[in-house]
Amino acid sequence: MAERKVLPREDERCFLLSRLGADSPKPRVKLGGVFCSVQDAFDNKTLNFESFSPAPARRGARGRAEEPHTPPGLADARSAGDGGDGDTRGEDDHLIIKGGKIVNDDQSFYADIYIEDGVIKQIGENLIVPGGAKIIDAYGHIVIPGGIDVNTRLHAPFLGMNPADDFYHGTQAALAGGTTMIIDHVLPEPGTSLLAAFDQWRDLADKSSCCDYSLHVDITRWHEGLVEELEALVKDKGVNSFLIFMAYKDKFQSTDTQMYEAFGVLRDLGAIAQVHAENGDIIEEEQKKLLDLGITGPEGHVLSHPEEVETEAVFRAITIAKQANCPLYITKVMSKSAADVIAQARKKGMVVYGEPITASLGTDGSHYWSKNWAKAAAYVMAPPLNPEPGTSDYLNSLLSCGDLQVTGSAHSTFTTAQKAVGKDNFTLIPEGTNGIEERMSVIWEKAVVAGKMDENEFVAVTSTNAAKIFNLYPRKGRIAVGADADIVIWNPKEARIFSAKSHNSTVECNIFEGMECRGSPAVVISQGKVVLEAGKLNVTEGSGRFVPRKSFPDFVYKRIKARTRMADARGVPRGQYDGPVHDVISATKSVPPTPTGRGPTCPGKAQITPARNLHQSGFTLSGTQMDDHIPRRTAQRIVAPPGGRSNITSLS
Amino acid sequence: MSHFERRCNKEEDLPVYLARPGSASQSASQSPRQKSYGMFSSVEGAFENKSIALESYCAQRKRSRSRENLADGDSGGSKDMGTVPSGKRVSLSLSERLFFCDSSPPSSGIERRARRVRGSDRLLIKGGRVVNDDLSFFADIYLEDGVIKQLGENLIVPGGVKIIEANGRMVIPGGIDVNTCLQKPYLGTQTVDDFFQGTKAALAGGTTMIVDHVTPQPGASLLQAFEKWQEAADKKSCCDYSLHVDIPHWHEGVKEELEVLVQEKGINSFQVYMAYKDLYQMTDTQLYEAFSFLKELGAVVLVHAENGDLIAQEQSKILGMGITGPEGHALSRPEELEAEAVFRAITLGNRVNCPVYITKVMSKSAADIVALSRKKGSVVFGEPITASLATDGTHYWSKNWAKAAAFVMSPPLSPDPTTPDHLNSLLACGDLQVVGSAHCAYSTSQKAIGKDNFTLIPEGTNGVEERMSFVWDKAVAVGKMDENQFVAVSSTNAAKIFNLYPRKGRIAVGSDGDIVIWDPDKMKTITAKTQQSAVEYNIFEGMECRGGPLVVISQGKIVYEDGKLHVQQGVGRFIPRKPFADYIYQRITMRSKTMAARGVSRGMYDGPVYDIPATPKYVTPAPSTKTSPAKNQPPPIRNLHQSNFSLSGAQVDDNVPRRSGHRIVAPPGGRSNITSLG
């Protein structure tokens, strides 16, 4: 009660002193010496958008210091809730989540959340809310921002087949697993327009998606003409991430030169370069070799995509990105050594992100040798799951310590009948596994329950980091006033067993079949509406909105920008070389001196004409100046160097 | 005393069949090793001569008498020492024995000296400390007909022998420089150091054999190029040589030539390029094919590891910025591009199971990758060169264009001044194995072809003459490396990798008479004025260097003595090298056996198969346009070789006739094994 008296006085100061995100303007005072906690250290420090606006809509609601364990506060909240409950039940537009522990990526705290019009309006205790709000009880659960699945392929034609899970089934499965936003890959046919493909994907997704979505665009064949389209996509269409393939030779694969050019363009546009990292050249050779050996089953897939080939490509992609000073994002980190390369590059200062997926975190590649063809084929994806069983533990560890940042699912499912197209040739098996629904639970089980990761880090890797990298933050990826109401009430204790019988995907084979996971969503709220409650999905086809993403995400580009300023190479100003020059033209004994005879040289070699560069400084330290020497005879062949004015032997 | 003697006698009674191979000094080393004085004293016989005597395997023993002499001296010594308290005996024995041999038969020594006749066919190196890669010992060496005939003490040699007094100095196998380019053409010009100049410089530096690179033009015949190089070298070379052949362009037709080169011409190493876009560069697919083919031939693949695609991009960027000087060379070839290519080459090597040899390791990160993958079991070798071990790339920013241009080579020297130290450390611990020089010297006027465009500067630096001295100075003199490792990296490892061992790279009976008497304390200041190379600019100009050759013997003849060279043009022989060097291919062959991929024998899939629509909406279904030829190789007929046994009970032939062209949305139940999890 003493606090209440203090409050009004502070409110006056509030306008003058209100700092960004600081809702409790009391200066911190250490009361009890070194070992006591700082006062207010456990207060609500959520980013509050409305504190910047002049009209404070939530007066009084947040003022009270948060006291999670005081019974009076709890009682208050309950009584207020009861009042609302009686009035209008079932109205989905107004929601209040009560009694849960809110977990963001930086901290956890107890507070209620009030949601209106699909947006979080208030956070705190004893919220004063209009009547008719539906109350959701979150006692004993944690309340987390909805998951963001950064890698799905819900529409990707392969040999005329489309994945079994389209946007409707896929997003349904996503919501059932606690994921409230997906970022799907647009896969244009090589040589076709990116914009047209993008429009096609948007059409499909707008019609059938049940949750918010965004789109990555894959660059399946790089050429200079794409620059315009990319610019249009970035500036007008809200796409800021593009995938480049280093695999799928003669189909999608880009050469190093193309990657370098593409990276340069993407950097200038402020986009993120994603890479499917596998060495397509080696894979193709290995595939030929294995087929020649008579190996045609799914085990040939993993044998022809060995771990090293992935690691090599990751290493190369990082090198190229470093040269181009472009942020890099490795999709589908599937092996220990590839993850290690990313971790090492980050330690060397590279702006690179790694995305392990549900499959690599939850299972391993030993199943490729299953006697059951259908089962073995279900695991076929590229890069393949690593046969070494320790891989998933290792990736979970790196994910926990921050060396890997984001988790996707690479959800792209094909039915067994579709997979059976490659029954006599593993190279024809359509690639892709399920994982969109299992993603959050697998990470909770493998990382949080195992004690590797805390709940905040869990939120970071399932949602917040993705939102930051792809510039959705703080609209997505955080529970804060003003953020989208994509919220999951997570039951950390409830265990469930994955099975093809109970999952929401349409395929017959679940690669996590029989795996038991503790932790599952109790309630899922998407766009302010409850879509999963008591195990029942209640989705609306086509309700998903396209979420545009702006270029130059701060999280990624702040560093890149600083480096661009630093990295300008400088030449050495030195006097013109005035010594003898070997005559090339007259000495044509064995080789034609013009480089054209030996195949096309790179454009760089021919660019500079041997004319004198007048921009170069004519000043030299050695005393001779640019213009004070006798006329040069450049075409004279001189075997022994002359003395005199030449500066050949002087050691500067 | 008495019981010791008795034991000695007993040991001499041991049956002959217990003698170990390669033990040349019969009585002394036939005795099994015994610890005589407890845990901390050395093993008896540990300091005996254990060099491989090739002749000990053949029936007639020319030098058995001398051996017996040595043995007598030895046993006499040990008898005398028998009373000396423990510990001292062994430490004394070496010097003692030397003293013995020098003085015990004084008369014979004088006699021999008196019989000394001029004639360098027969040489006796006296009183030297023979240093091989595995051990050092004091012994005299007798050379005849360019071959080491005897090794030991108190040798009995014919008259007319020239005697060289080594006075306890190190006697080491002559250096082998595995990377030189003495006839590399560039835009119609050739290196100023040809085979004569270059091998002269090599001999002056203690290197008695070079392995030069044959660089054919893209599209030209490898065989013709090889013959051209061999002819030039035969005419001019002053020391033994061998040749690597570079593969400038990979195509099917090369295979035949490679086969001829390996099987008839004595070439077992070929270089491929990952750099020089549109000129020599190979794609990963070509590299894979080349590696596979060369592995079958038993050759060593040398890789010039730099990412040529990125270099070309960087070059045009840097030229576009207006940077045209030699610093542009370093800027356009950053360390990462080298490291990346090394990583890729090793990955390819692992996939093909082919040994990979990285030429010119110039940066820390590239060296680290070689070291790391060796720890993971890859068969990979790294070759730092004189320049990368002794100097750094800061000179590219020199105000003096000629100086800066002299350093231009690829991969470039790393601008990080701590690089040489790091590379020397890795060389000392065995993570890098061989030292080359990449000697490829162009005059300043030749370099000036690129005075307005750094991409036109011919690439190459000197280093063949300075190689041995700098390794000594930077690694041995500072305490990183011992003398045995010095011999290993400057000579023995190269001989092993390229299958010259033990003819080269070791001082042993039967080996070639390529020997260097090394002075560890010789101080020398490197300068272009005193060097043998014809180039006007020495990149090590002004550097002080400790250690150098005192006497160099090539093919049993003294070619360098008292600072003077006595070389003869054209005496160098071509040394053919056989494929499948044991040092490399033993492991590769074992791996080929164990690494074979095996398929899973499983029942035929009998479930529904999705029918690929004949007229798809977006894609043409025919894979011929987009996929590799391999993809449609196996026809979709039933593979009768595959096992038709299935664990799930359903057998291949007991199902109802399948309609494979039927589109089925929901999978059928019943006999299909789709949902059963086997």
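At 6% relative accessibility, Asn353(B) counts as buried, where buried means under 20% relative accessible area, exposed over 50% and partly exposed in between, with a 1.4 Å probe and protein chains only. Asn353(B) lies in the loop between helix 12 and strand 13 (356–359) of chain B, and its phi is near 60°, a positive value in a residue other than glycine. Ala410(A), likewise not a glycine, has a positive phi of about 50°; Ala410(A) is buried with a relative accessible area of 7% and is placed in the loop between helix 13 and helix 14 (416–419) of chain A. Helices (H or I, at least four residues) and strands (E, at least two) are DSSP runs, numbered from the N terminus.

The structure is a predicted model, in which local features need pLDDT of at least 70 and side-chain atom pairs count only at pLDDT 80 or more, while totals for chains, interfaces and linings use all residues. Residues are numbered from 1 along each chain as its sequence is written, chains are lettered from A and ligands numbered from 1 in the order in which they are written, and side-chain values use heavy atoms, with hydrogens and water left out. The model scores ipTM 0.74 and pTM 0.75.

Between the chains, helix 7 (residues 280–293) of chain A and helix 12 (residues 335–352) of chain B pack at an angle of about 5°, with their axes 12 Å apart, the axes being lines fitted to C-alpha atoms over the stretch in contact and the angles running from 0 to 180 degrees between N-to-C directions. The two helices are therefore roughly parallel, a term for angles under 35 degrees.

In chain A, an open sheet of four strands has the order 5-4-1-6 with mixed pairing, two strands being paired if DSSP finds at least two bridges between them. Strand 5 (119–124) and strand 6 (134–137) of chain A are the edge strands, each pairing on one side only, and the twist averages 20° from one strand to the next. Strand 1 (residues 94–98) of chain A runs parallel to strand 6 of chain A and is joined to it by four bridges; Ile96(A) has Ile135(A) as its bridge partner in strand 6.

How values were computed:
Angles under 35 degrees count as roughly parallel, over 145 as roughly antiparallel, 65 to 115 as roughly perpendicular and the rest as oblique.
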